[in-house]
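Here are my notes for a colleague who is new to this entry. Please read them with the model open beside you.

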Amino acid sequence: LVAVFPYFEGLENYTQAAEHESVRELANRHQFAFVDLLAPMQECQRRDGQVWADRWHPNAAGHACAGT
């Protein structure tokens, strides 16, 4: 399983989606399951507030969001 967390800075107007797609293609090529957590993190942040501890790490709410 390859899970990609977004870069949390600028989550509302995300500019790194191409990198997520590159990882998806690589995972598919090597037959790994792939989960992109961008949309779930954006939704959780809209609904619940901040989901990150810093630009690279989720907080407890972000971890809970990733687990759903």
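1. Start with Gln45. Is Gln45 buried or exposed? Gln45 is buried, because its relative accessible area is 15% and the cut-off for buried is under 20%. Bear in mind that this is a predicted model.

2. Gln45 sits in helix α2. Which residues does Gln45 touch, once neighbours within four places in sequence are set aside? The partners are Leu11, Glu12, Gln50, Val51 and Trp52.

3. Next, the disulfide. The structure has 1. Cys44 and Cys65 form the link, with an S to S distance of 2.2 Å. The two cysteines lie in distant parts of the chain, 21 residues apart. Cys44 belongs to helix α2, residues 38-48, and Cys65 to helix α3, residues 60-66. The angle about the S-S bond is 90°, and the link is right-handed.

4. How accessible are the two ends of that link? Cys44 has 6% relative accessibility, so Cys44 counts as buried. Cys65 has a relative accessible area of 4%, so Cys65 is buried too.

5. Now look at Ala66, also placed in helix α3. Its relative accessible area is 24%, so Ala66 is partly exposed. With neighbours within four places in sequence left out, Ala66 is in contact with Phe5, Leu37 and Met41. What separates the C-alpha atoms of Ala66 and Phe8? The gap is 13 Å, and the two residues are 58 residues apart along the chain.

6. Step back to the whole chain. It contains 3 helices and 2 strands. Read from the N terminus, the order is β-α-β-α-α. The radius of gyration is 12 Å, close to the 11 Å that the globule rule gives for 68 residues, so the chain is as compact as a globular protein of that length. The C-alpha trace spans about 35 × 25 × 20 Å along its principal axes.

7. How much of the chain is buried? Of the 68 residues, 26% are buried. Take the contacts with a separation of 6 or more: 62% of them join residues 24 or more positions apart.

8. The chain exposes about 4,600 Å². Carbon and sulfur atoms supply 54% of that area.

Definitions and conventions
Residues are numbered from 1 along each chain as its sequence is written. This is a predicted model: local features need pLDDT of at least 70, side-chain atom pairs count only at pLDDT 80 or more; totals for chains, interfaces and linings use all residues. Side-chain values use heavy atoms; hydrogens and water are left out. A disulfide is a pair of cysteine sulfur atoms within 2.5 Å. Helices (H or I, at least four residues) and strands (E, at least two) are DSSP runs, numbered from the N terminus. Buried means under 20% relative accessible area, exposed over 50%, partly exposed in between (1.4 Å probe, protein chains only). Contact means heavy atoms within 4.5 Å. The radius of gyration is taken over C-alpha atoms; the globule rule is 2.2 Å times the number of residues to the power 0.38. Accessible areas come from the Shrake-Rupley method with a 1.4 Å probe; for residues, only the protein chains shown count as cover.
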